Amino acid sequence: MKTPIITALLAISISASAQSPKQILAQVNEKFGKVNDYSANIHLQFDLPSIHLDPIDGKVFFKKPAKFRIKTKGIVFLPKQNPYYSLSALADTNSYTAVYTGEEKIGTVNAVILQVLPNGGENDLILGKFWIDKVNRVVLRSQLTTKSSGTILLDNSYGANSMIAYALPDQMTVTVDMAKFKVPKMISADINNKSTHTANESKKGTGVIKLSYSAYSINKKLPDSVFTEEVK
Amino acid sequence: MESLLTLVQLELYKIVTKPRSFIGFAAITAIVLLVQFALYIDGKTYWEFVTQSLEQTFTINGTIFNGNLVCFIILQMLLVQMPLMIALVTGDLISGESATGTIRLIATKPVSRAQILLAKYIAGAIYTVLIILWLGLIAYGLSLLIFGHGDLIVLKSDGMVILRDADVAWRFVAAFFVAFLSLMVVGTFSLMLSCFTDNSIGPIIITMAVIILFTIIGTFDIPIFDRIKPFLFTTHMIVWRNIFDNPIPKEQILQSVIILILHIAGFLGISFYHFTRKDIQN
Amino acid sequence: MPETIVELKNLTKRYGSLTAVDDLHLTVSKGEIVGFLGPNGAGKSTTLRMMLTLIKPSSGEIRIFGKDIAKERSAILRNIGCIIEKPDFYLYLSARKNLEIFARMSGVNPDAKKLDEMFDLVGLKGRDRDQVRTYSHGMKQRLGIAQTLIHDPELIILDEPTTGLDPQGIIDLRYLILRLKNEFGKTVILSSHILNEVQLIADSMTIINKGKAIVQGKVSELLSNEDLIVTAEPVDAALAMSAIDATEWKTAFKGIEEGKLIFNIAKQRIPELNDFFAKHEVALYGMEYRRTLEDYFLKLTQHAWKAS
């Protein structure tokens with residue numbers, strides 16, 4: 001009884017170790033590569049230290065290779081990095097070196113951890129770390145360190161509203177480094193306001209933006225104007 | 001009751017036909033239009049300077065610079081001017097009559113001094129409502145017309161609050177109501193002073209001096225001043241800003257509203273006590 | 001017995017150590033014109049202000065129309081029209097609007113016709129729609145009179161009403177006051193520091209000084225011709241003095257002031273005195289007479305002026 005099981009396990013591990021990090025990433029890209037464009041409904045929630053921002057609904061648009069836009073009627077604070085930037089960076093397998101650094105359980109999934117180092121110094125990306133669900137070929141988590149925007153952590157989950165066939169999550173949680181963030185002072189700033197209320201508390205120095213996707217509409221040939229026109 | 005209504009009508013007529021009553025409206029209109037003009041020309045640049053630090057960490061989507069924000073900026077700027085506009089009229093209600101000598105005539109009419117004072121007070125309150133409505137119209141209505149709708153960013157000393165557009169209008173209404181109470185404190189205070197003097201300049205200057213002094217005390221973070229601050233009406237006059245917090249500190253606002261009402265009652269009580277008893281010598 | 005309209009009993013007003021009105025008694029009968037006289041600072045205005053509740057008495061009682069002013073103020077004031085000191089109005093409003101305002105405060109709502117009548121009565125027809133700031137002092141005084149009458153009061157209190165009026169205006173006012181009494185049965189209290197102004201129309205008068213009533217009574221009695229102060233200014237005072245010495249004129253002689261001989265005699269004896277000096281070859285620069293009350297009042301006002 002034990003022997004077939006052990007054999008099977010060995011076969012899996014052999015097959016796992018047989019795939020290189022770049023091969024794993026290519027598989028992920030292949031899935032996502034099927035998406036030329038998409039639009040979806042989005043619900044944004046914010047947990048930012050010193051900033052109280054109510055949730056808001058909007059629409060999200062994406063067009064290959066990395067056009068991304070969120071349209072809302074109100075103000076939203078978004079991470080400076082385009083969340084699909086990392087995936088677009090991985091499309092050219094010659095532009096980076098990928099290293100397998102271990103495994104970690106995320107939820108119920110054993111994720112493979114790959115570190116990506118871009119070749120050449122002209123890239124904005126300094127270091128990328130990806131937790132990948134090898135079975136579904138989707139990115140569960142990515143940690144990107146860029147020259148322009150510091151470090152950002154993206155957690156993806158693939159629930160009922162996701163389009164896992166296209167590696168599109170139904171929830172993306174972005175954790176932003178806010179250590180350098182300061183509340184701007186202006187001439188007409190409040191005087192005497194010793195409010196006892198403080199804005200939502202989160203881990204000191206970090207802010208969290210949660211994007212919940214639904215009603216994906218894929219490959220409908222979105223015009224470029226969608227990414228440039230003013231929101232009315 | 002009928003005689004009180006008649007008196008209120010007459011007092012309103014006197015206020016409305018007095019040139020100085022329009023100084024407040026004219027000044028507010030000029031200030032608001034000037035600020036709107038300046039912000040229209042250069043507001044975005046000015047605001048971008050403020051949001052620079054924000055944009056180091058985030059990409060900001062949405063119309064930050066909009067009518068709601070402009071209105072909020074204007075209201076902040078009028079903190080000192082508005083009380084002066086009110087005191088110009090209410091500080092003159094009794095002392096103006098003393099200065100011109102008409103107090104002798106009205107105090108010999110078959111209406112009680114209490115009725116005279118109450119009628120003047122009500123007329124002063126109506127004037128305050130009118131000036132607030134006017135302010136609402138041009139600061140809020142006109143700003144929305146020129147700059148459009150949008151979410152409101154409110155900067156606080158310890159952070160910022162962003163209020164959704166749909167959630168802003170009622171807050172402005174509530175803020176105007178609280179502002180009305182605050183201005184009634186100023187109006188009642190200057191009316192009280194007006195009962196003690198025979199010239200109009202005194203009550204107006206003393207009112208402004210007190211407001212400025214109390215505001216300065218409220219600004220300093222000195223322990224001894226911290227003990228005095230809760231008792232100063234200026235501390236509670238700016239509570240309208242808390243309406244733009246999220247969540248709204250209801251208890252704090254209610255407390256301030258009660259304190260403002262108590263101030264009004266106190267000043268009015270002193271006014272009635274003195275005016276109904278004083279000898280009219282001039 | 002005529003009805004008593006005003007009764008002041010033991011009326012006193014003190015300001016610290018200063019007693020402005022001192023235990024004053026005064027009665028005014030219905031249909032009378034009462035002169036209320038005194039030099040400046042005598043307490044006239046203070047008394048009137050207490051009657052009109054502008055000032056609270058320190059002690060004493062004020063009854064008007066048989067009612068206590070402290071208890072039935074509104075009812076009493078509804079029937080009083082008054083000017084206290086100079087009449088002041090809202091300068092930025094028209095005379096018409098001013099009159100309307102004060103009328104409505106008095107409990108009446110005059111129509112256009114009534115207002116026109118008032119302006120006609122006081123001689124301001126055609127100027128009623130002008131702003132009061134364009135009015136002369138005399139015109140304001142007239143408007144003040146209109147203001148006292150607009151609500152048809154029973155009692156009229158006028159404090160120095162002729163101040164600022166030209167001679168014709170003074171005469172017009174005098175006739176108006178007489179008309180108010182004779183035609184309309186009004187009672188008038190007329191306060192002044194000019195005796196001549198009052199003696200022509202008043203039925204009775206009260207003179208006060210330093211808050212106290214000094215003289216009270218009917219004008220006809222107080223200002224009789226039986227009791228005059230006659231002043232004779234001789235060329236040679238010593239000669240004149242020796243002439244009257246040991247004669248009956250010595251009794252009437254009251255003294256010398258600034259070289260003038262003062263006598264207190266009835267009017268009909270003046271020619272007699274004149275003859276006496278002529279017979280004794282006492283040449284005179286002149287001779288004049290005043291009623292003792294006029295003399296007294298003149299001295300009183302001169303003294304008050306010097307004191308101020």
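## Chain C overall

Of the 308 residues of chain C, 41% count as buried. Buried means that 20 or more other C-beta atoms lie within 10 Å of the residue's own; exposed means 12 or fewer, partly exposed in between, with C-beta atoms placed from the backbone. This is a predicted model: local features need pLDDT of at least 70, side-chain atom pairs count only at pLDDT 80 or more, and totals for chains, interfaces and linings use all residues. Residues are numbered from 1 along each chain as its sequence is written, while chains are lettered from A and ligands numbered from 1 in the order in which they are written.

Chain C has twelve helices and 14 strands. Both are DSSP runs numbered from the N terminus: helices are H or I with at least four residues, strands are E with at least two. The C-alpha trace of chain C spans about 75 × 45 × 40 Å along its principal axes. Take the contacts in chain C between residues at least 6 apart in sequence: 71% join residues at least 24 apart. Two residues are in contact if their C-beta atoms, placed from the backbone, lie within 7 Å.

## An open sheet in chain C

Four strands of chain C form an open sheet in the order 2-1-4-5, with antiparallel pairing. Strand 2 (18–29) and strand 5 (67–68) of chain C stand at the edges; each has a single partner strand, so one side of each lacks a neighbour in the sheet. Strands pair if DSSP finds at least two bridges between them.

Strand 1 (residues 4–15) and strand 4 (residues 59–64) of chain C pair in the antiparallel sense over five bridges. C:Glu7 stands opposite C:Arg63 in strand 4 of chain C.

## Helix 5 of chain C

Helix 5 (residues 137–149) of chain C has 13 residues. From first C-alpha to last it reaches 19 Å, close to the 18 Å expected at 1.5 Å a residue. The expected span is 1.5 Å times one less than the number of residues.

Eleven of the 13 residues of helix 5 of chain C are buried, so this helix is largely enclosed by the rest of the structure. Among them are C:Met139, C:Leu143, C:Ile145 and C:Leu149, and also C:Lys140 and C:Arg142. The buried residues of helix 5 pack against strand 6 (80–83), helix 3 (95–105), helix 4 (112–121), strand 7 (155–159) and helix 6 (167–182) of chain C.

## Chain A and its sheet

Chain A comes to three helices and twelve strands. Buried residues make up 28% of its 232 residues. Of the contacts in chain A with a separation of 6 or more, 56% come from residues 24 or more positions apart.

Ten strands of chain A form an open, antiparallel sheet in the order 4-3-1-12-11-10-9-8-7-6. Its edge strands are strand 4 (67–72) and strand 6 (96–106) of chain A, each pairing on one side only. Neighbouring strands of this sheet are turned by 20° against each other on average, direction ignored. Helix 2 (residues 21–32) of chain A packs on the sheet and touches strand 6, strand 7 (109–118), strand 8 (125–133) and strand 9 of chain A. The direction of helix 2 makes about 75° with that of strand 6 of chain A. Axes are lines fitted to C-alpha atoms, for helices over the stretch in contact; angles run from 0 to 180 degrees between N-to-C directions.

Six bridges join strand 9 (residues 138–146) to the antiparallel strand 10 (residues 150–157) of chain A. A:Thr146 stands opposite A:Gly150 in strand 10 of chain A.

## Inside chain B

Helix 3 (residues 67–77) and helix 7 (residues 113–147) of chain B pack at about 140°, with their axes 8 Å apart. The contact includes B:Val70 and B:Ile74 of helix 3 of chain B, and B:Leu144 and B:Phe147 of helix 7 of chain B. By class it has nine nonpolar, two polar and no charged residues. Nonpolar covers Ala, Val, Leu, Ile, Met, Phe, Trp, Tyr, Cys and Pro; charged covers Asp, Glu, Lys and Arg; the others, Gly among them, are polar.

B:Ser271 is found in helix 12 (residues 250–277) of chain B. It counts as buried because it has 24 C-beta neighbours inside 10 Å. Not counting residues up to four places away in sequence, B:Ser271 touches B:Leu117, B:Leu191, B:Met192 and B:Cys195.

## Between the chains

Two pairs of chains are in contact, and chains A and B share the most contacts. No contact joins chain A and chain C, whose closest C-alpha atoms lie 40 Å apart.

The contact of chains B and C takes 20 residues from chain B and 22 residues from chain C. Helix 1 (2–17) and helix 6 (102–106) of chain B each supply at least two residues of the side of chain B that touches chain C. That side of chain B has eight nonpolar, seven polar and five charged residues.
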